[in-house]
Amino acid sequence: MDLVQQIIERAKSNKQRIVLPEATEERTLRAADRVLAEDVADIILIGNPDEIHALAKQWGLEHIDKATLIDPENNPKSEEYAELLTELRKKKGMTIEKARELVKNPLYLGCMIIKTNGADGQISGALSTTGETLRPALQIIKCAPGITCVSGAMLLVTKQPQFGENGILVVGDVAVTPMPDAEQLSQIAVCTAQTARSVAGFDDPRVAMLSFSTKGSATHEVVDKVIEATRLARELDPTLKVDGELQADAALVPSVGAKKAPGSDIAGKANVLVFPCLEVGNIAYKLVQRLGDAEALGPILQGIARPVNDLSRGCSVDDIYKMVAITACQAMDAK
């Protein structure tokens, strides 16, 4: 069973309630129909119910009736949500009038449903920007305890079973924080290991903090940042198996790890890679994807108290379907 199928089966085993706020978008609605047909998750669609039903009929979708439909313009909980949003954002100058308008916005409404325990996760981005997806999540759901920065992990499924976890690597950050400081980098390490557990199903995440230096082979302030981040990651999660600074070959290849970092429990055995900055991470995963013919799944947003994931506006129905399963796996672990 490949990794994607494992993720889908894990989602099916403990169905979560996933909000799709862009419910009248064709790819989203087709993906929702497939999720419902295959019983992967319970789906909450935000949009005008008459329009959703008409589109489902037009596109021959037979399972949309299984979804919960919420009309943002005629929602009996609107005032309750508006009052809660006003309270959550009062220090930022939120008024009840502004809150009443915002809870009609499907992206905000979805996050309010999650905040009040009516759903477990949300996916958007087929029509919305990353900023539009993240803003309500950070304002309403907020970051997980002990975490102050959001990051993005990628699952890399390679054709090299000798590396990582039978060829699978979880890497971060590849999507969100351009130049993390040591504290943020330590949080990215902890969150990426958690994604490795909850989504990739790793029983034993082994985190390498990557640099152009291995254990003092070079000196520079950017190397110092990685060394400090490694120390802070151990403080943030004393159970975390993490080491750094390590070069990529020392992290992945046992013979190189033994030579460059003798005595390290991670060198040569890493299955989670943490990049020193977003620039490196984004370039590296795309090179592995294109030159190494690896499958890249994600990015998976992490660090938010309950999962909210962002799609590319060029996403396919299959991309959305897979992201529902991924978000469901994250949601199980967030409870």
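## Strand E7 and its partners

In this predicted model, strand E7, which covers residues 206–210, is joined to strand E9, residues 272–274, by 3 bridges, and the two strands run parallel. Helices (H or I, at least four residues) and strands (E, at least two) are DSSP runs that are numbered from the N terminus, and two strands pair if DSSP finds at least two bridges between them. Within this pairing, Val207 stands opposite Val272 in E9. Strand E7 is also joined to E8, by 5 bridges, and these two strands likewise run parallel; here the bridge partner of Ala208 is Asp243 in E8.

Because 5 of the 5 residues of E7 are buried, the strand is largely enclosed by the rest of the structure. Buried means under 20% relative accessible area, exposed means over 50%, and partly exposed lies in between, with a 1.4 Å probe and protein chains only.

Strands E7, E8 and E9 belong to an open sheet of 6 strands, whose order is E8-E7-E9-E6-E5-E10 and whose pairing is mixed. Its edge strands are E8 (241–246) and E10 (295–302), each of which pairs on one side only. Neighbouring strands of this sheet are turned by 20° against each other on average, with direction ignored. Axes here are lines fitted to C-alpha atoms, for helices over the stretch in contact, and angles run from 0 to 180 degrees between N-to-C directions.

Helix H9, residues 221–236, lies across E7 and E8 and runs at about 170° to E8. Together, E7, H9 and E8 make a right-handed β-α-β unit; a crossover is right-handed if, with the strands pointing away from the viewer, the path from the first strand over the helix to the second runs clockwise.

Val226 lies in helix H9 and counts as buried, because its relative accessibility is 0%. Leaving aside its neighbours within four places in sequence, Val226 is in contact (heavy atoms within 4.5 Å) with several residues, among them Met209, Leu210 and Glu245. The C-alpha atoms of Val226 and Leu36, which are 190 residues apart along the chain, are separated by 44 Å.

## Backbone details

Most residues other than glycine have a negative phi, and most peptide bonds are trans. The peptide bond from Gly244 to Glu245, however, is cis, with omega near 5°, and Glu245 has its place in strand E8. The bond from Gly298 to Pro299 is cis, with omega near 5°, and Pro299 lies in strand E10.

Lys142, although it is not a glycine, has a positive phi of about 70°; it lies in the loop between helix H7 (130–141) and strand E5 (151–157), and it counts as partly exposed because its relative accessibility is 32%. Asp293, also not a glycine, has a positive phi of about 55°; its place is in the loop between helix H12 (278–291) and E10, and with a relative accessible area of 47% it is partly exposed.

## How the model was read

Residues are numbered from 1 along each chain as its sequence is written, and side-chain values use heavy atoms, with hydrogens and water left out. Local features need pLDDT of at least 70 and side-chain atom pairs count only at pLDDT 80 or more, whereas totals for chains, interfaces and linings use all residues.
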